[in-house]
Amino acid sequence: MYEKTYPNKRFRLTLEFLKKHINNSESILDLGVKNPFSEIMISEGYSVANTKGEDLDEDRSLIEESSADVVTALEIFEHLLSPYEVLKSIKADKLIISVPLRLWFSTAYRSKTDMWDRHYHEFEDWQLDWLLEKTGWTIKDRKKWTNPVKKIGIRPLLRSFTNRYYIVYAERYSNSK
């Protein structure tokens, strides 16, 4: 996935956000297969387990059986048909989730060669907030940032000041367990 580009800014800001809210004595279930950011979390002293590549819309057993203190869902919910069901199945009390934001000047992302590399959802911040609220989570902190690219054109110019990523730290409502 990162053969030609490595999202340094996104990884740096995500790690800063994670460190702000989660100490490395807390165990993490990272939704999605092991990836470069999983490795970064491990190198920073976090205990991280990943799901195994199963279709989380169909099989949430690893999530339901996990005893992790924290769940991270970093750039994964846009690929799911039903993130609502995934959020409802989480047993942990803490969640860090990030999504790419819907860009008004660009269509939804779809790889022509990899069926897993497609976005079913292109979120706006309020949509993710509402989804979290409906599934029993309280947002404690949030952050957005841009993703400028080194290209010439109208879209690259728009990307330099339009927020592309949204990250949220949430805790489960105390009365929803």
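Reply: The chain exposes about 10100 Å², of which carbon and sulfur atoms supply 50%; accessible areas come from the Shrake-Rupley method with a 1.4 Å probe, and for residues only the protein chains shown count as cover. The model is predicted, so local features need pLDDT of at least 70 and side-chain atom pairs count only at pLDDT 80 or more, while totals for chains, interfaces and linings use all residues. Residues are numbered from 1 along each chain as its sequence is written, and side-chain values use heavy atoms, with hydrogens and water left out.

Of the 177 residues, 46% count as buried, that is, under 20% relative accessible area with a 1.4 Å probe, protein chains only. The chain has 6 helices and 6 strands, in the sequence pattern α-β-α-β-α-β-α-β-α-β-α-β; these are DSSP runs numbered from the N terminus, helices being H or I of at least four residues and strands E of at least two. Among contacts (heavy atoms within 4.5 Å) between residues at least 6 apart in sequence, 66% join residues at least 24 apart.

Ser89 is buried, with a relative accessible area of 6%. Its side chain reaches the backbone oxygen of Val86 at 2.8 Å. Not counting residues up to four places away in sequence, Ser89 touches Arg60, Ile63 and Glu64.

Terms used. Buried < 20%, exposed > 50% of the residue type's maximum accessible area, 1.4 Å probe, protein only. Polar contact = N/O pair within 3.5 Å; in protein donor to acceptor, adjacent residues only side chain to side chain.
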